[in-house]
Amino acid sequence: MIPLVNLTKQYANLKNEIDAAIAAVIAESAFIGTPANRFVAKFERDFAAFIGTKHAIGVANGTDAIEIALKALSIGAGDEVIVPALSWISTSEAVSNCGATPIFVDIHPQYYTMDPTKLERAITPKTKGIIPVHLYGLPAPMDEIIAIAKKHKLFVIEDCAQAHGAKYKDRNIGTFGDMATFSFFPGKNLGAYGDAGGIVTNEKILADTARLILNHGQRAKHEHLIEGRNSRLDGIQAAILSVKLPYLTEANQKRRTHAKKYDELLQGHGFDLQTVPYKTEPVYHLYAIQSDTRDTIIGRLKEHGIESAIHYPTPLPLLPAYASHGYRKGDFPVAERVTSRILSLPMFPELTDADIELIAATVISAKP
Ligand SMILES: *Cc1c(COP(=O)(O)O)cnc(C)c1O
């Protein structure tokens, strides 16, 4: 049996350190992420240093991270924010939950990230910002996106939920936008043992505002400057993330090695493989191929005890959740074609060469 992601193996390798970190939090009852929580403060310092931003702010999950970043940038009713047509729903959901409207842009056929050549025509007088997603761990074309944002005076929030540690032109993703958001959902490249998320930024005012929002608008205890919400990062999750962060670079390198092996084994067999478009260091949160016979491959993999998954089966704007927006089939031709053919194969650092050989051979054997 080869799962899509194996978190048990990862825990086995780090068990002593993780168990000690959890015990330390419990010994101090440092459960809740108040400003006094030293475990949360430590992870925030470590993560800011890792990404290379002045500030990192722990929050409860990656969806809240986007929503709080939007609110810190004063996005609300009447505003439009541009998002890619292919992502996890959080990217657009966060925009709607601020009272603003997500405007979808089609993706690039090989890189799967927002197509910058289609971006400008989505801009209207109501547009306030752009949320590029570094999907599957491949950085979006930030030079083009930032240039368009500057020209039209739009903010940029990078959705880095699938790309912890990825680099675009030698610079860490998360350092290009006004703010950037991360998910530490267990299966992400850097994952907690429950829901967790983070925001990074170089702007002190944005960091301070995000901190207010995530803790009921409190500047100090019972001093509520605004209405916020509860979206604090737990002490236990922060301590676990601090243990795992030093291993992230090596784990990402293993993912790249695995992707290269998949590429070598699968190329020449008629599949569309992930391509790396420009000087960039992807982190392969997912390894996805495209095939006209996806369903046959899924069936054959299942027969051999190999898990696979579809990320994602429907472009965001064509989901029932956005029916009222009036998009129709054919509006996002690239995302529609990709979602009908895309397939994620098992990808995690602890995969072995033998696993990858078996998976690739099984995929190839399913060809008609
Ligand atoms: C996982 C994910 C999120 C949301 O993260 P949660 O922590 O699950 O809320 C947002 N955007 C993308 C692209 C994701 O993959």
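Hi everyone, let's start at the ligand: one of its oxygen atoms sits 2.7 Å from a backbone N or O atom of Gly62, a polar contact in the sense of a pair of N or O atoms within 3.5 Å. Before I go on, please keep in mind that this is a predicted model, where local features need pLDDT of at least 70, side-chain atom pairs count only at pLDDT 80 or more, and totals for chains, interfaces and linings use all residues. Residues are numbered from 1 along each chain as its sequence is written, and side-chain values use heavy atoms, with hydrogens and water left out.

In the side chain of Ser183, an N or O atom is 2.6 Å from a ligand oxygen, and for Lys188 a polar side-chain atom lies 3.1 Å from an oxygen of the ligand. The protein covers 92% of the 380 Å² of accessible area that the ligand has on its own (Shrake-Rupley method, 1.4 Å probe).

So, who makes up the shell? There are 14 residues around the ligand, counted when a heavy atom lies within 4 Å of it. Helix 3 (62–72) and helix 4 (90–97) each give at least two of the shell residues; helices here are DSSP runs of H or I, at least four residues, and strands are runs of E, at least two.

Now over to Asn215, in the loop between helix 6 (204–214) and strand 10 (218–220). Asn215 is buried, at 9% relative accessible area (buried is under 20%, with a 1.4 Å probe and protein chains only). Leaving aside neighbours within four places in sequence, Asn215 is in contact with Pro35, Arg229 and Arg232, contact being heavy atoms within 4.5 Å.

Notes:
Buried means under 20% relative accessible area, exposed over 50%, partly exposed in between (1.4 Å probe, protein chains only). A polar contact is a pair of N or O atoms within 3.5 Å; within protein, one must be able to donate a hydrogen and the other to accept it, and residues adjacent in sequence count only if both atoms are side-chain atoms.
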